[in-house]
Amino acid sequence: MTSDGDTRFGLRERTKPFVRAGVVLGIGLGGFFDGIVLHQLLQWHHMLSARTDPTVLSDLRLNVVADGLFHVGTYLFTIAGIVLLVHAWRRSDVPPSGRTLLGSTILGWGVFNLLEGLVNHHLLEIHHVWPAGPGSVLLWDVGFLLWGLLFVVGGYAVIRLDERSIAGARGERATDDRPT
């Protein structure tokens, strides 16, 4: 059992369920943004576009299936984040906070970008952000990682702005005013 003063990364331990929910939700939403905006709307790349020729119909079909499987994964992360959020919301020892949720969701989106960028763009090289775009492929792939890092740092900063989340902060809520 941990006390209220216990911290992880400078945040109160009791906010951990809310932060975890936001991070998982952010991973799912970041994946949806990537899949919907970059894969479908802008059509900069598909999941396997560096390994196949998306201008060939059979390869395009393979990429559409791979994109669909990617969306299944992002859907599962989003559902898991919602379930974690509902469980955290129902706990009387977890302080509800829109700021903490927003910050942890942004942080989770950044985690998605970092993991997806490192694994798919750099390690496996199954696709790149915008191979046909202006500038080098590496420039776009590194920019994607920097975007993720900015989201991680920015999300953490937003969480740290919430006095209910940071260790040693004043302004604790005396009562739980959540609806039952």
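How many residues does helix 2 have, and what distance does it reach from its first C-alpha to its last? In this predicted model, helix 2 runs over residues 57-90, which gives it 34 residues. From end to end, C-alpha to C-alpha, helix 2 reaches 49 Å, close to the 50 Å expected at 1.5 Å a residue.

Let us stay with helix 2 and look at its buried side. Asn63, Ala66, Asp67, Phe70, His71, Thr74, Thr78, Gly81, Leu85 and Ala88 are buried there. If you are wondering what lies over them, the cover includes helix 1 (16-41) and helix 3 (98-123).

One residue of that list deserves a visit of its own. Asp67 is found in helix 2, and it counts as buried because its relative accessibility is 5%, while the cut-off for buried is under 20%. Which residues does Asp67 contact, once its neighbours within four places in sequence are left aside? They are His39, His46 and Met47. Take Met47 as an example: Asp67 and Met47 are 20 residues apart in sequence, yet their C-alpha atoms are 5.6 Å apart in space.

Now move on to helix 3 and its partner, helix 4 (residues 137-160). Two packed helices are described by the angle between their axes and the distance between the axes. Here helix 3 and helix 4 pack at an angle of about 155 degrees, and their axes are 7 Å apart. Helix 3 is therefore roughly antiparallel to helix 4, since angles over 145 degrees count that way. The crossing of helix 3 past helix 4 is left-handed. Sorted by class, their contact holds 18 nonpolar, ten polar and three charged residues.

Along helix 4, the buried residues are Asp141, Phe144, Leu145, Gly148, Val152, Gly155 and Ile159. What covers the buried residues of helix 4 includes helix 3, helix 1 and strand 2 (11-12).

Our last stop is in the segment after helix 4, where you will find Asp162. Is Asp162 buried or exposed? At 4% relative accessibility, Asp162 counts as buried. Not counting residues up to four places away in sequence, Asp162 touches Ser97, Arg99 and Thr100.

Notes:
Residues are numbered from 1 along each chain as its sequence is written. This is a predicted model: local features need pLDDT of at least 70, side-chain atom pairs count only at pLDDT 80 or more; totals for chains, interfaces and linings use all residues. Side-chain values use heavy atoms; hydrogens and water are left out. Helices (H or I, at least four residues) and strands (E, at least two) are DSSP runs, numbered from the N terminus. The expected span of a helix is 1.5 Å times one less than its number of residues. Buried means under 20% relative accessible area, exposed over 50%, partly exposed in between (1.4 Å probe, protein chains only). Contact means heavy atoms within 4.5 Å. Axes are lines fitted to C-alpha atoms, for helices over the stretch in contact, and angles run from 0 to 180 degrees between N-to-C directions. Angles under 35 degrees count as roughly parallel, over 145 as roughly antiparallel, 65 to 115 as roughly perpendicular and the rest as oblique. A crossing is left-handed if the near helix is turned anticlockwise from the far one by less than a right angle, and right-handed if clockwise. Ala, Val, Leu, Ile, Met, Phe, Trp, Tyr, Cys and Pro count as nonpolar, Asp, Glu, Lys and Arg as charged, and the others, Gly among them, as polar.
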